[in-house]
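Please look through the notes below with the model open beside you.

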Amino acid sequence: MSTSFFKKFTPAGSTPIVAQKRVVKTSSTSTIAPDDHRNKKLSRARHPTSHQQHPRRVASVVTLAVTTTTTTKKLPPATATTPLKRSFEPSRSVSTPNLKRPAPSRDSLKPPSLESLPRHHHRSAASSRSPRSLRLESSSEEDSDDERSSKRSKMGSASPGAVVDTSRRIVHPVSFRTKDPKTGLPLERCNFIHAHEIASVKLEGWSRRREFRNTDGNLTIGLHYPGVPDQERFQLVQNSDPDEFDPLAEILTTMEMVADHLLPRSIADKIHSETSGGIVYRMRRSLKHGDAPRFLENLKTYNELVRESRKNTTFRKRIAGMTTIPFALVEHILQQSYARTVALEVEGLKDYQAFSSEVYGELLPKFTTKIFKEANLTSDKVFMDLGSGTGNVVLHAALECGCESWGCEKMDKPALLAERQRKEFIARCRMWGINHGAVYLQHDTFLENRSIAETLKRADVLLVNNFAFEPDLNQKLLDMFLDLKEGAQIFSLKPFVPANHVITTRNAENPVNRLRMVEREYFSREVSWTDSGGKYYVHTVDSSMLREFMEKEMREKKRRAQSAS
(Lines give C-alpha, C1' and ligand atoms only; values in the text may rest on other atoms or scores of the structure.)
Protein backbone atom coordinates (compact mmCIF):
# COMPACT_ATOMS: atom_id res chain seq x y z
CA MET A 1 0.00 0.00 0.00
CA SER A 2 2.78 2.43 0.92
CA THR A 3 4.68 1.85 -2.40
CA SER A 4 1.61 2.50 -4.56
CA PHE A 5 0.83 5.61 -2.53
CA PHE A 6 4.24 7.20 -3.07
CA LYS A 7 4.23 6.31 -6.80
CA LYS A 8 1.48 8.90 -7.31
CA PHE A 9 3.93 11.66 -6.43
CA THR A 10 7.01 10.29 -8.27
CA PRO A 11 7.73 11.99 -11.65
CA ALA A 12 8.69 9.76 -14.56
CA GLY A 13 12.41 9.02 -14.76
CA SER A 14 13.15 9.83 -11.15
CA THR A 15 14.10 7.57 -8.28
CA PRO A 16 10.98 6.59 -6.32
CA ILE A 17 10.53 7.67 -2.73
CA VAL A 18 10.78 4.72 -0.38
CA ALA A 19 8.74 4.68 2.85
CA GLN A 20 11.05 4.80 5.79
CA LYS A 21 10.65 3.43 9.26
CA ARG A 22 10.03 6.12 11.88
CA VAL A 23 10.79 5.78 15.59
CA VAL A 24 9.53 8.26 18.17
CA LYS A 25 11.30 8.22 21.52
CA THR A 26 9.84 10.03 24.53
CA SER A 27 11.66 10.97 27.72
CA SER A 28 10.81 7.49 29.02
CA THR A 29 12.04 4.27 27.38
CA SER A 30 8.73 3.54 25.67
CA THR A 31 8.58 3.35 21.86
CA ILE A 32 5.46 4.07 19.85
CA ALA A 33 5.05 2.37 16.51
CA PRO A 34 3.65 4.44 13.64
CA ASP A 35 0.39 2.48 13.43
CA ASP A 36 -0.16 2.70 17.18
CA HIS A 37 0.56 6.42 17.05
CA ARG A 38 -1.98 6.91 14.27
CA ASN A 39 -4.57 4.86 16.14
CA LYS A 40 -4.12 6.97 19.24
CA LYS A 41 -4.64 10.15 17.22
CA LEU A 42 -7.86 8.73 15.82
CA SER A 43 -8.98 7.74 19.30
CA ARG A 44 -8.35 11.27 20.59
CA ALA A 45 -10.27 12.76 17.65
CA ARG A 46 -13.25 10.55 18.44
CA HIS A 47 -13.11 11.13 22.21
CA PRO A 48 -11.59 14.59 22.75
CA THR A 49 -13.06 15.16 26.18
CA SER A 50 -11.39 12.13 27.73
CA HIS A 51 -7.97 13.70 27.12
CA GLN A 52 -8.85 17.33 27.81
CA GLN A 53 -11.04 17.07 30.87
CA HIS A 54 -8.18 17.59 33.29
CA PRO A 55 -5.49 19.83 31.75
CA ARG A 56 -2.10 19.39 33.35
CA ARG A 57 1.20 21.22 33.00
CA VAL A 58 3.21 19.09 30.53
CA ALA A 59 6.97 19.10 30.27
CA SER A 60 8.33 16.47 27.90
CA VAL A 61 11.55 15.70 26.05
CA VAL A 62 10.96 14.32 22.55
CA THR A 63 13.72 12.87 20.35
CA LEU A 64 12.98 12.10 16.73
CA ALA A 65 15.26 9.62 14.89
CA VAL A 66 14.54 9.77 11.13
CA THR A 67 16.48 7.81 8.48
CA THR A 68 17.43 9.67 5.30
CA THR A 69 15.84 8.88 1.95
CA THR A 70 17.14 8.92 -1.61
CA THR A 71 15.31 11.35 -3.89
CA THR A 72 16.06 13.27 -7.07
CA LYS A 73 17.45 16.04 -4.87
CA LYS A 74 20.26 15.36 -2.49
CA LEU A 75 19.43 16.04 1.14
CA PRO A 76 22.08 17.26 3.54
CA PRO A 77 23.37 14.59 5.87
CA ALA A 78 21.37 14.17 9.04
CA THR A 79 22.97 15.68 12.06
CA ALA A 80 22.77 14.42 15.60
CA THR A 81 19.38 15.13 17.00
CA THR A 82 19.09 17.59 19.84
CA PRO A 83 16.56 16.91 22.60
CA LEU A 84 13.57 19.20 22.09
CA LYS A 85 11.98 20.47 25.29
CA ARG A 86 8.48 21.83 25.19
CA SER A 87 6.45 23.10 28.05
CA PHE A 88 2.74 23.60 27.66
CA GLU A 89 0.70 25.82 30.02
CA PRO A 90 -3.05 25.53 29.54
CA SER A 91 -4.76 28.88 29.43
CA ARG A 92 -6.76 29.60 32.54
CA SER A 93 -9.38 32.27 32.72
CA VAL A 94 -9.41 34.10 36.02
CA SER A 95 -12.83 35.33 36.93
CA THR A 96 -14.16 37.13 39.97
CA PRO A 97 -17.33 35.55 41.38
CA ASN A 98 -20.43 37.69 41.27
CA LEU A 99 -21.18 38.05 44.95
CA LYS A 100 -24.51 39.78 44.53
CA ARG A 101 -27.61 38.78 42.60
CA PRO A 102 -31.34 39.36 42.92
CA ALA A 103 -33.14 37.66 45.77
CA PRO A 104 -33.69 33.96 45.02
CA SER A 105 -37.07 33.04 43.58
CA ARG A 106 -38.99 30.03 44.71
CA ASP A 107 -37.82 28.21 41.59
CA SER A 108 -34.35 28.26 43.10
CA LEU A 109 -35.59 25.78 45.68
CA LYS A 110 -35.95 23.21 42.91
CA PRO A 111 -32.89 20.95 42.72
CA PRO A 112 -30.93 20.78 39.48
CA SER A 113 -30.59 17.50 37.68
CA LEU A 114 -27.62 15.34 38.62
CA GLU A 115 -26.10 15.88 35.16
CA SER A 116 -26.18 19.67 35.56
CA LEU A 117 -24.84 19.84 39.11
CA PRO A 118 -21.63 21.93 39.08
CA ARG A 119 -18.62 20.84 41.04
CA HIS A 120 -18.34 24.29 42.55
CA HIS A 121 -20.65 27.27 42.67
CA HIS A 122 -21.15 30.72 44.14
CA ARG A 123 -24.45 31.57 45.75
CA SER A 124 -25.35 35.07 46.76
CA ALA A 125 -28.26 37.45 46.93
CA ALA A 126 -29.27 41.03 47.45
CA SER A 127 -32.68 42.45 48.10
CA SER A 128 -34.04 45.92 48.58
CA ARG A 129 -36.10 44.68 51.51
CA SER A 130 -33.61 42.50 53.31
CA PRO A 131 -30.09 41.43 52.36
CA ARG A 132 -29.99 37.72 51.67
CA SER A 133 -27.33 35.38 52.90
CA LEU A 134 -24.08 35.05 51.02
CA ARG A 135 -22.29 31.79 50.46
CA LEU A 136 -18.79 31.35 49.10
CA GLU A 137 -17.34 28.09 48.05
CA SER A 138 -14.31 27.33 45.95
CA SER A 139 -13.07 24.02 44.68
CA SER A 140 -11.39 23.16 41.42
CA GLU A 141 -12.43 20.21 39.32
CA GLU A 142 -9.14 18.53 40.07
CA ASP A 143 -9.48 18.58 43.85
CA SER A 144 -9.37 15.20 45.46
CA ASP A 145 -11.62 14.23 48.36
CA ASP A 146 -8.79 14.92 50.80
CA GLU A 147 -8.20 18.38 49.30
CA ARG A 148 -11.90 19.24 49.49
CA SER A 149 -11.95 18.06 53.09
CA SER A 150 -8.94 20.25 53.86
CA LYS A 151 -10.59 23.27 52.20
CA ARG A 152 -13.80 22.73 54.12
CA SER A 153 -11.92 22.60 57.44
CA LYS A 154 -10.08 25.81 56.54
CA MET A 155 -13.35 27.57 55.83
CA GLY A 156 -14.15 27.25 59.49
CA SER A 157 -10.90 28.90 60.51
CA ALA A 158 -10.33 31.69 58.00
CA SER A 159 -11.87 33.33 54.98
CA PRO A 160 -9.85 34.90 52.14
CA GLY A 161 -8.15 38.10 53.31
CA ALA A 162 -9.56 37.80 56.83
CA VAL A 163 -7.65 39.19 59.80
CA VAL A 164 -6.57 36.27 61.99
CA ASP A 165 -7.11 37.16 65.66
CA THR A 166 -5.55 34.44 67.83
CA SER A 167 -6.50 36.20 71.07
CA ARG A 168 -10.23 36.16 70.31
CA ARG A 169 -12.52 33.63 71.98
CA ILE A 170 -15.26 32.87 69.46
CA VAL A 171 -17.36 30.41 71.50
CA HIS A 172 -20.37 32.20 73.03
CA PRO A 173 -20.07 32.18 76.86
CA VAL A 174 -23.66 31.01 77.51
CA SER A 175 -24.29 28.81 74.47
CA PHE A 176 -24.10 25.03 74.95
CA ARG A 177 -24.99 25.55 78.64
CA THR A 178 -28.00 25.18 80.87
CA LYS A 179 -26.61 27.16 83.83
CA ASP A 180 -24.94 30.55 84.13
CA PRO A 181 -21.15 29.95 84.49
CA LYS A 182 -20.86 32.91 86.91
CA THR A 183 -23.86 32.44 89.20
CA GLY A 184 -24.64 28.76 88.73
CA LEU A 185 -28.32 29.60 88.25
CA PRO A 186 -30.37 28.22 85.35
CA LEU A 187 -30.04 30.35 82.26
CA GLU A 188 -33.00 32.22 80.86
CA ARG A 189 -34.31 30.85 77.62
CA CYS A 190 -33.05 32.51 74.47
CA ASN A 191 -35.60 35.15 73.50
CA PHE A 192 -35.67 35.63 69.73
CA ILE A 193 -38.20 36.45 67.00
CA HIS A 194 -39.51 33.27 65.38
CA ALA A 195 -39.89 33.23 61.62
CA HIS A 196 -43.61 32.46 61.88
CA GLU A 197 -44.07 35.82 63.64
CA ILE A 198 -43.15 37.67 60.44
CA ALA A 199 -44.37 35.11 57.87
CA SER A 200 -47.71 33.47 58.69
CA VAL A 201 -51.06 32.75 57.05
CA LYS A 202 -52.55 35.08 59.68
CA LEU A 203 -50.68 38.00 58.14
CA GLU A 204 -51.82 39.83 55.04
CA GLY A 205 -50.24 38.72 51.78
CA TRP A 206 -49.17 35.26 53.02
CA SER A 207 -50.61 31.90 51.95
CA ARG A 208 -49.81 28.20 52.26
CA ARG A 209 -47.05 27.06 49.89
CA ARG A 210 -48.39 25.17 46.90
CA GLU A 211 -46.17 22.15 47.74
CA PHE A 212 -48.05 21.73 51.04
CA ARG A 213 -51.60 22.67 50.03
CA ASN A 214 -52.75 19.05 50.07
CA THR A 215 -51.11 18.40 53.43
CA ASP A 216 -53.33 18.06 56.46
CA GLY A 217 -52.34 19.27 59.89
CA ASN A 218 -50.21 22.10 61.23
CA LEU A 219 -48.23 24.32 58.89
CA THR A 220 -45.64 25.09 61.57
CA ILE A 221 -42.30 23.24 61.65
CA GLY A 222 -39.24 23.58 63.89
CA LEU A 223 -35.55 24.08 63.10
CA HIS A 224 -32.71 23.40 65.55
CA TYR A 225 -29.62 25.62 65.91
CA PRO A 226 -26.14 24.73 67.16
CA GLY A 227 -25.99 26.83 70.35
CA VAL A 228 -29.38 26.45 72.10
CA PRO A 229 -31.91 23.63 72.58
CA ASP A 230 -34.82 25.88 71.50
CA GLN A 231 -36.25 25.38 68.03
CA GLU A 232 -37.17 28.26 65.76
CA ARG A 233 -40.69 27.91 64.40
CA PHE A 234 -41.38 28.44 60.69
CA GLN A 235 -44.60 28.25 58.72
CA LEU A 236 -44.72 26.66 55.28
CA VAL A 237 -45.99 29.82 53.60
CA GLN A 238 -45.13 32.12 50.73
CA ASN A 239 -45.74 35.75 49.79
CA SER A 240 -46.84 37.12 46.44
CA ASP A 241 -43.95 39.62 46.57
CA PRO A 242 -40.73 37.80 45.54
CA ASP A 243 -38.62 40.28 47.54
CA GLU A 244 -40.34 39.32 50.78
CA PHE A 245 -38.87 36.99 53.37
CA ASP A 246 -38.88 33.35 52.19
CA PRO A 247 -39.08 30.90 55.15
CA LEU A 248 -38.10 27.75 53.26
CA ALA A 249 -35.18 29.44 51.50
CA GLU A 250 -33.82 30.51 54.89
CA ILE A 251 -34.27 27.01 56.35
CA LEU A 252 -32.23 25.45 53.55
CA THR A 253 -29.55 28.17 53.64
CA THR A 254 -29.23 27.82 57.42
CA MET A 255 -28.71 24.07 57.05
CA GLU A 256 -26.00 24.67 54.44
CA MET A 257 -24.24 27.18 56.71
CA VAL A 258 -24.23 24.70 59.59
CA ALA A 259 -22.80 21.96 57.38
CA ASP A 260 -20.21 24.07 55.57
CA HIS A 261 -18.77 25.93 58.56
CA LEU A 262 -19.62 24.27 61.87
CA LEU A 263 -19.33 20.51 61.32
CA PRO A 264 -16.57 18.07 60.34
CA ARG A 265 -16.83 16.59 56.88
CA SER A 266 -18.00 13.17 58.07
CA ILE A 267 -21.18 14.74 59.45
CA ALA A 268 -21.45 17.71 57.08
CA ASP A 269 -21.71 15.49 53.99
CA LYS A 270 -24.86 13.95 55.40
CA ILE A 271 -26.46 17.41 55.37
CA HIS A 272 -24.94 19.14 52.36
CA SER A 273 -22.58 17.52 49.89
CA GLU A 274 -21.63 18.74 46.44
CA THR A 275 -21.07 15.19 45.21
CA SER A 276 -23.51 12.89 47.01
CA GLY A 277 -26.43 15.28 47.63
CA GLY A 278 -27.33 15.00 51.30
CA ILE A 279 -30.35 16.12 53.29
CA VAL A 280 -30.54 19.59 51.70
CA TYR A 281 -30.58 18.13 48.19
CA ARG A 282 -33.29 15.64 49.08
CA MET A 283 -35.39 18.42 50.62
CA ARG A 284 -35.07 20.54 47.48
CA ARG A 285 -36.02 17.53 45.41
CA SER A 286 -39.04 16.93 47.63
CA LEU A 287 -40.16 20.53 47.05
CA LYS A 288 -39.81 20.10 43.32
CA HIS A 289 -42.03 17.02 43.29
CA GLY A 290 -44.43 18.27 45.96
CA ASP A 291 -43.50 15.42 48.30
CA ALA A 292 -44.30 17.04 51.66
CA PRO A 293 -43.85 13.86 53.82
CA ARG A 294 -40.37 13.30 52.39
CA PHE A 295 -39.47 16.95 53.04
CA LEU A 296 -40.56 16.75 56.69
CA GLU A 297 -38.80 13.40 57.15
CA ASN A 298 -35.47 14.88 56.03
CA LEU A 299 -35.98 17.93 58.24
CA LYS A 300 -36.46 15.60 61.21
CA THR A 301 -33.22 13.79 60.34
CA TYR A 302 -31.37 17.12 60.22
CA ASN A 303 -32.71 18.21 63.61
CA GLU A 304 -31.57 14.92 65.14
CA LEU A 305 -28.04 15.42 63.75
CA VAL A 306 -27.89 18.97 65.15
CA ARG A 307 -29.12 17.88 68.59
CA GLU A 308 -26.58 15.08 68.70
CA SER A 309 -23.72 17.35 67.60
CA ARG A 310 -24.66 19.87 70.29
CA LYS A 311 -24.80 17.23 73.04
CA ASN A 312 -21.47 15.59 72.15
CA THR A 313 -19.74 19.04 71.97
CA THR A 314 -18.96 18.73 68.23
CA PHE A 315 -20.21 22.27 67.59
CA ARG A 316 -18.40 23.71 70.59
CA LYS A 317 -15.07 22.16 69.62
CA ARG A 318 -15.43 23.26 66.02
CA ILE A 319 -16.15 26.89 66.94
CA ALA A 320 -13.36 26.90 69.56
CA GLY A 321 -10.88 25.98 66.82
CA MET A 322 -11.78 28.99 64.69
CA THR A 323 -9.49 32.02 64.43
CA THR A 324 -12.04 34.04 62.47
CA ILE A 325 -15.66 33.68 61.35
CA PRO A 326 -16.28 33.00 57.63
CA PHE A 327 -17.86 35.99 55.93
CA ALA A 328 -20.72 33.89 54.51
CA LEU A 329 -21.77 32.89 58.01
CA VAL A 330 -21.38 36.45 59.31
CA GLU A 331 -23.64 37.83 56.60
CA HIS A 332 -26.23 35.10 57.14
CA ILE A 333 -26.54 35.90 60.86
CA LEU A 334 -26.78 39.63 60.09
CA GLN A 335 -29.44 38.93 57.46
CA GLN A 336 -31.53 36.93 59.94
CA SER A 337 -31.45 39.81 62.45
CA TYR A 338 -32.25 42.40 59.79
CA ALA A 339 -35.12 40.44 58.22
CA ARG A 340 -36.94 40.12 61.56
CA THR A 341 -36.61 43.78 62.58
CA VAL A 342 -35.51 46.46 60.11
CA ALA A 343 -36.91 44.89 56.93
CA LEU A 344 -40.43 44.97 58.37
CA GLU A 345 -40.41 48.79 58.50
CA VAL A 346 -37.81 49.69 55.90
CA GLU A 347 -40.25 51.97 54.05
CA GLY A 348 -40.32 54.30 57.05
CA LEU A 349 -36.61 55.00 56.61
CA LYS A 350 -37.37 57.02 53.49
CA ASP A 351 -39.05 59.79 55.50
CA TYR A 352 -36.29 62.39 55.56
CA GLN A 353 -35.64 65.89 54.33
CA ALA A 354 -34.08 65.70 50.88
CA PHE A 355 -30.58 67.14 50.36
CA SER A 356 -29.97 67.40 54.10
CA SER A 357 -27.43 65.81 56.44
CA GLU A 358 -30.16 63.39 57.57
CA VAL A 359 -30.45 61.51 54.27
CA TYR A 360 -30.42 57.78 55.04
CA GLY A 361 -28.19 55.32 53.20
CA GLU A 362 -26.59 51.97 54.06
CA LEU A 363 -23.10 50.59 53.52
CA LEU A 364 -23.49 46.92 52.59
CA PRO A 365 -21.51 44.11 54.28
CA LYS A 366 -19.41 43.50 51.17
CA PHE A 367 -18.03 47.03 51.56
CA THR A 368 -17.70 47.17 55.34
CA THR A 369 -15.84 43.86 55.59
CA LYS A 370 -13.25 45.37 53.23
CA ILE A 371 -12.91 48.35 55.58
CA PHE A 372 -12.41 46.11 58.62
CA LYS A 373 -9.64 44.18 56.89
CA GLU A 374 -7.91 47.33 55.69
CA ALA A 375 -8.04 48.78 59.21
CA ASN A 376 -6.81 45.50 60.73
CA LEU A 377 -9.73 45.65 63.16
CA THR A 378 -9.38 43.01 65.90
CA SER A 379 -11.09 42.08 69.15
CA ASP A 380 -8.86 44.32 71.29
CA LYS A 381 -9.79 47.50 69.39
CA VAL A 382 -12.65 50.03 69.49
CA PHE A 383 -14.85 50.75 66.47
CA MET A 384 -17.22 53.71 66.17
CA ASP A 385 -19.84 54.60 63.54
CA LEU A 386 -21.00 58.22 63.64
CA GLY A 387 -24.44 58.35 62.04
CA SER A 388 -24.99 54.60 62.45
CA GLY A 389 -28.57 54.41 61.12
CA THR A 390 -30.16 51.05 61.95
CA GLY A 391 -26.86 49.77 63.38
CA ASN A 392 -25.92 47.40 60.55
CA VAL A 393 -22.21 48.26 60.49
CA VAL A 394 -21.94 48.38 64.29
CA LEU A 395 -23.31 44.84 64.57
CA HIS A 396 -21.19 43.66 61.64
CA ALA A 397 -17.98 44.88 63.30
CA ALA A 398 -18.93 43.30 66.64
CA LEU A 399 -19.58 39.92 64.99
CA GLU A 400 -16.85 39.65 62.37
CA CYS A 401 -14.07 41.29 64.42
CA GLY A 402 -15.26 40.76 68.01
CA CYS A 403 -14.36 44.35 68.86
CA GLU A 404 -16.05 46.88 71.14
CA SER A 405 -18.47 48.54 68.75
CA TRP A 406 -20.23 51.92 69.14
CA GLY A 407 -22.88 53.66 67.08
CA CYS A 408 -24.68 56.99 67.36
CA GLU A 409 -27.81 57.95 65.43
CA LYS A 410 -29.83 61.15 65.70
CA MET A 411 -32.95 60.21 63.66
CA ASP A 412 -35.76 58.61 65.64
CA LYS A 413 -36.90 55.86 63.27
CA PRO A 414 -33.47 54.39 62.46
CA ALA A 415 -32.46 54.58 66.12
CA LEU A 416 -35.59 52.67 67.19
CA LEU A 417 -35.01 49.95 64.60
CA ALA A 418 -31.33 49.78 65.55
CA GLU A 419 -32.21 48.91 69.16
CA ARG A 420 -34.65 46.20 68.01
CA GLN A 421 -32.03 44.76 65.70
CA ARG A 422 -29.40 44.81 68.47
CA LYS A 423 -31.59 42.64 70.72
CA GLU A 424 -32.30 40.16 67.94
CA PHE A 425 -28.64 40.12 66.95
CA ILE A 426 -27.54 39.21 70.48
CA ALA A 427 -30.07 36.35 70.57
CA ARG A 428 -29.03 35.10 67.12
CA CYS A 429 -25.36 34.95 68.08
CA ARG A 430 -26.27 32.84 71.11
CA MET A 431 -28.36 30.52 68.89
CA TRP A 432 -25.35 29.98 66.62
CA GLY A 433 -22.94 29.59 69.55
CA ILE A 434 -20.75 32.47 68.32
CA ASN A 435 -19.53 35.26 70.60
CA HIS A 436 -19.57 38.92 69.60
CA GLY A 437 -17.98 42.11 70.84
CA ALA A 438 -19.76 44.55 73.13
CA VAL A 439 -22.36 46.69 71.31
CA TYR A 440 -23.35 50.23 72.39
CA LEU A 441 -25.94 52.27 70.51
CA GLN A 442 -26.68 55.91 71.33
CA HIS A 443 -29.83 57.75 70.23
CA ASP A 444 -28.44 61.27 70.12
CA THR A 445 -26.43 63.70 68.02
CA PHE A 446 -22.79 62.67 68.04
CA LEU A 447 -21.72 66.30 68.38
CA GLU A 448 -23.12 66.52 71.90
CA ASN A 449 -23.22 62.96 73.30
CA ARG A 450 -20.99 62.56 76.32
CA SER A 451 -20.36 58.82 75.94
CA ILE A 452 -19.34 59.31 72.33
CA ALA A 453 -16.95 62.13 73.28
CA GLU A 454 -15.25 59.97 75.92
CA THR A 455 -15.05 56.85 73.75
CA LEU A 456 -13.67 58.88 70.84
CA LYS A 457 -10.44 59.38 72.79
CA ARG A 458 -9.68 55.65 72.70
CA ALA A 459 -11.27 54.75 69.35
CA ASP A 460 -9.07 52.92 66.83
CA VAL A 461 -11.35 52.95 63.77
CA LEU A 462 -13.96 55.58 62.97
CA LEU A 463 -16.56 55.35 60.21
CA VAL A 464 -18.38 58.45 58.94
CA ASN A 465 -20.81 58.09 56.08
CA ASN A 466 -20.64 61.79 55.22
CA PHE A 467 -21.74 61.33 51.61
CA ALA A 468 -24.60 63.81 52.12
CA PHE A 469 -23.23 65.84 55.07
CA GLU A 470 -23.27 69.61 54.78
CA PRO A 471 -19.91 71.49 54.90
CA ASP A 472 -20.48 72.95 58.36
CA LEU A 473 -21.12 69.48 59.81
CA ASN A 474 -17.93 68.15 58.25
CA GLN A 475 -16.03 71.05 59.84
CA LYS A 476 -17.50 70.23 63.26
CA LEU A 477 -16.39 66.64 62.80
CA LEU A 478 -12.85 67.82 62.09
CA ASP A 479 -12.88 69.62 65.43
CA MET A 480 -14.00 66.37 67.10
CA PHE A 481 -11.12 64.52 65.47
CA LEU A 482 -8.66 66.59 67.52
CA ASP A 483 -9.40 64.19 70.40
CA LEU A 484 -8.44 61.10 68.41
CA LYS A 485 -5.26 59.31 69.41
CA GLU A 486 -2.24 59.00 67.17
CA GLY A 487 -2.67 56.26 64.58
CA ALA A 488 -6.47 56.23 64.68
CA GLN A 489 -8.11 55.70 61.28
CA ILE A 490 -11.13 57.53 59.85
CA PHE A 491 -13.06 56.04 56.91
CA SER A 492 -15.38 58.41 55.07
CA LEU A 493 -17.27 58.73 51.78
CA LYS A 494 -16.12 62.34 51.30
CA PRO A 495 -12.58 63.63 51.96
CA PHE A 496 -11.87 65.78 55.00
CA VAL A 497 -8.54 66.96 53.57
CA PRO A 498 -8.95 69.41 50.63
CA ALA A 499 -7.30 68.57 47.34
CA ASN A 500 -3.68 69.79 47.02
CA HIS A 501 -3.66 70.86 50.67
CA VAL A 502 -0.30 72.25 51.83
CA ILE A 503 0.64 73.19 55.39
CA THR A 504 1.57 76.85 55.72
CA THR A 505 2.08 79.26 58.60
CA ARG A 506 -1.38 80.67 57.96
CA ASN A 507 -3.22 77.32 58.23
CA ALA A 508 -0.95 75.61 60.76
CA GLU A 509 -3.81 75.43 63.30
CA ASN A 510 -6.17 73.67 60.87
CA PRO A 511 -7.18 70.18 62.16
CA VAL A 512 -6.65 68.62 58.73
CA ASN A 513 -2.90 69.03 59.19
CA ARG A 514 -3.00 66.01 61.54
CA LEU A 515 -4.61 63.76 58.91
CA ARG A 516 -2.75 61.76 56.30
CA MET A 517 -5.28 60.79 53.60
CA VAL A 518 -5.40 57.99 51.02
CA GLU A 519 -8.08 57.63 48.34
CA ARG A 520 -9.63 54.19 47.75
CA GLU A 521 -12.31 52.79 45.47
CA TYR A 522 -15.46 50.81 46.20
CA PHE A 523 -17.32 48.88 43.53
CA SER A 524 -20.87 48.25 42.35
CA ARG A 525 -23.53 47.14 44.83
CA GLU A 526 -21.47 47.95 47.90
CA VAL A 527 -23.73 50.81 49.00
CA SER A 528 -27.54 50.99 49.07
CA TRP A 529 -28.11 54.23 47.16
CA THR A 530 -26.43 53.31 43.87
CA ASP A 531 -25.42 50.28 41.81
CA SER A 532 -22.24 51.97 40.57
CA GLY A 533 -18.91 52.29 42.34
CA GLY A 534 -17.28 55.32 43.88
CA LYS A 535 -14.51 56.66 46.11
CA TYR A 536 -13.90 56.43 49.82
CA TYR A 537 -11.13 57.94 51.89
CA VAL A 538 -8.89 56.66 54.65
CA HIS A 539 -7.50 59.29 57.02
CA THR A 540 -4.83 58.36 59.55
CA VAL A 541 -4.08 60.63 62.50
CA ASP A 542 -0.40 61.50 62.03
CA SER A 543 1.01 64.58 63.73
CA SER A 544 4.49 64.05 62.31
CA MET A 545 3.71 66.14 59.21
CA LEU A 546 2.77 69.20 61.29
CA ARG A 547 5.65 68.60 63.68
CA GLU A 548 8.16 68.47 60.84
CA PHE A 549 6.74 71.68 59.39
CA MET A 550 6.97 73.50 62.72
CA GLU A 551 10.56 72.31 63.26
CA LYS A 552 11.47 73.50 59.78
CA GLU A 553 9.89 76.91 60.51
CA MET A 554 11.84 77.23 63.76
CA ARG A 555 15.12 76.42 62.00
CA GLU A 556 14.30 79.02 59.34
CA LYS A 557 13.58 81.66 62.00
CA LYS A 558 16.89 80.93 63.72
CA ARG A 559 18.72 81.16 60.42
CA ARG A 560 17.10 84.53 59.63
CA ALA A 561 17.86 85.79 63.14
CA GLN A 562 21.50 84.78 62.82
CA SER A 563 21.71 86.41 59.38
CA ALA A 564 20.21 89.66 60.75
CA SER A 565 22.69 89.77 63.64
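Which residues form one aromatic cluster? Phe-367, Tyr-522 and Tyr-536 do.

1. Basis. This is a predicted model, in which local features need pLDDT of at least 70 and side-chain atom pairs count only at pLDDT 80 or more, while totals for chains, interfaces and linings use all residues. Residues are numbered from 1 along each chain as its sequence is written, and side-chain values use heavy atoms, with hydrogens and water left out.

2. Aromatic pairs. Rings of Phe, Tyr and Trp (its six-membered ring) pair if their centres lie within 6.5 Å; planes under 30 degrees apart count as stacked, over 60 as edge-to-face and the rest as tilted. By this rule there are nine aromatic pairs. Phe-372 and Phe-383 are edge-to-face, because their ring centres are 5.6 Å apart and their planes stand at 85°. Both Phe-372 and Phe-383 are buried (under 20% relative accessible area; exposed is over 50%, partly exposed in between; 1.4 Å probe, protein chains only).

3. A stacked pair. Trp-406 and Tyr-440 are stacked, with 4.5 Å from centre to centre and 25° between the planes. Trp-406 counts as buried at 8% relative accessibility, whereas Tyr-440 is partly exposed at 36%.

4. Helix H8. Helices (H or I, at least four residues) are DSSP runs, numbered from the N terminus. H8 covers residues 292-311. Its buried residues include Phe-295, Leu-299, Tyr-302 and Val-306. The face turned away from the buried side carries the exposed residues Pro-293, Glu-297, Lys-300 and Lys-311.

Methods: Helix = DSSP H or I, 4+ residues; strand = E, 2+ residues; numbered from the N terminus. Expected span 1.5 Å × (residues − 1).
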